[in-house]
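I opened the model to look up a few things and wrote down what I found. The entries follow.

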Amino acid sequence: MDARALAALAANPGCRRRALLDGAGVDKGALAQALGAPANFGQSQFAHQRGNSFEARVKADGGADLVRLLHERLRDGSEPPGPGAVATPDLTAPGPQGRTARTALALREATEAGRWALLDHPMVSLDVAGSPAFLEPDAVVVHPDGSWTVIEIKSFPMVDGSADPAKVGAAARQSAVYTLALERVASMIGEPEEGGGAANSANSADRAPARARVRHQVLLVCPKDFSNLPTAELVDVRKQLAVTRRQLDRLTRIEEIAAALPEGTTFDLRLTDDGRIPTRPVEELTAAVDAVDAAYAPECLSTCELAAHCRTRSRAAGQVEALGRGVRGELGGLTTVDAVLTAAMNGPADEAPTGDPAVDALRRAAALRAEALASRPELTSRPEAVACR
């Protein structure tokens, strides 16, 4: 479960299906393909290679240029990092737990040292519905004052100082997940004691101990215009951070979701020996997927590999969720399209209010529609134009 998946899950915390499949590490793309509803989004191999190439260029000199770019965007009057002033600690360790512990130690040491440091692809963890998720930001910069900044490197261009708002928003939500995980590390590090380390002892006469904290502005680094030269802007993620924290707290624990499933439920595709072709019957696989409740919304189409399957099932059941969260919220207790049409056509708008605002509004809308059609007699000869859909 990576930061992108967590951001999508936080945006739709009511979807138990995604929470369970992501928590179990199920390949939703392969599952959607086997169900006959493949996802129509994702990053091409060319775009992935271009992104890796751009990130390597940004970090080519040990991150010195990246830190200078951050300092320029901060405009806080602090001294810029000089030659050789940026430390790059080694984060190598076996396994995700080992890398997470090594990252926490490197953050502590860099904070106590009171100097610039760049952590390249650190690893942090976050508890998600009772299941640990290991996350890997592109980079984290430690400032001399002990604060930390998340660095998010993207390959989409920043033209004349601005980028695609939708892509910037997605990057902000993803960065908010990293920030949330780093805040947990910072809370464990706390404020170092006077003389608590060699670096503090050497500098205690010149400065107070640094206090570990995560900045709420992340540095978004993108290609300038359509070149391969990096440019950057600070993005405030406080709003995304608050939403992500609140939504993740609302998630049902994975164990509770799994306990409610029928005995023997599995999402195994039963692949052939070459690992390419699923042999499990589609009907059996569909039943397993449908055993977990989903909360489909049109926004899922750009964030979840199973969205096409969930949309088909939602439309087949006549659920109003398929029309969007806004429509669903306006309709109150009317949960199906049939219920909406029945409420709209069951009585004239001039009847006494029913007490249900949604029903009253639907009846007024139906009356206005009938009046509009009556003023256009040419439409009455076309029943398909008059029928309510």
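I took a disulfide to be a pair of cysteine sulfur atoms within 2.5 Å. The model is a predicted one, in which local features need pLDDT of at least 70 and side-chain atom pairs count only at pLDDT 80 or more, while totals for chains, interfaces and linings use all residues. Residues are numbered from 1 along each chain as its sequence is written, and side-chain values use heavy atoms, with hydrogens and water left out.

Cysteines. I found zero disulfides. The closest cysteine sulfur to that of Cys300 is in Cys304, 6.2 Å away, which is too far for a bond. For Cys15 the closest is in Cys310, at 6.1 Å, again too far. I noted Cys300 as buried, at 11% relative accessibility, and Cys15 as buried at 8%. Here buried means under 20% relative accessible area, exposed over 50%, and partly exposed in between (1.4 Å probe, protein chains only).

Core. I defined a nonpolar core as a set of buried Ala, Val, Leu, Ile, Met, Phe, Trp, Tyr and Cys residues joined through side-chain atoms within 4.5 Å. The largest has 68 residues, and Leu31, Trp148 and Leu306 are among those that touch the most other members. Helix H7 (residues 165-189) gives the largest share of this core, 11 residues; helices (H or I, at least four residues) and strands (E, at least two) are DSSP runs, numbered from the N terminus.

Loop. I located Gly161 between strand E5 (147-153) and H7, in the loop. Gly161 counts as partly exposed because its relative accessibility is 47%. Its C-alpha atom is 7.8 Å from that of Glu233, 72 residues apart along the chain.
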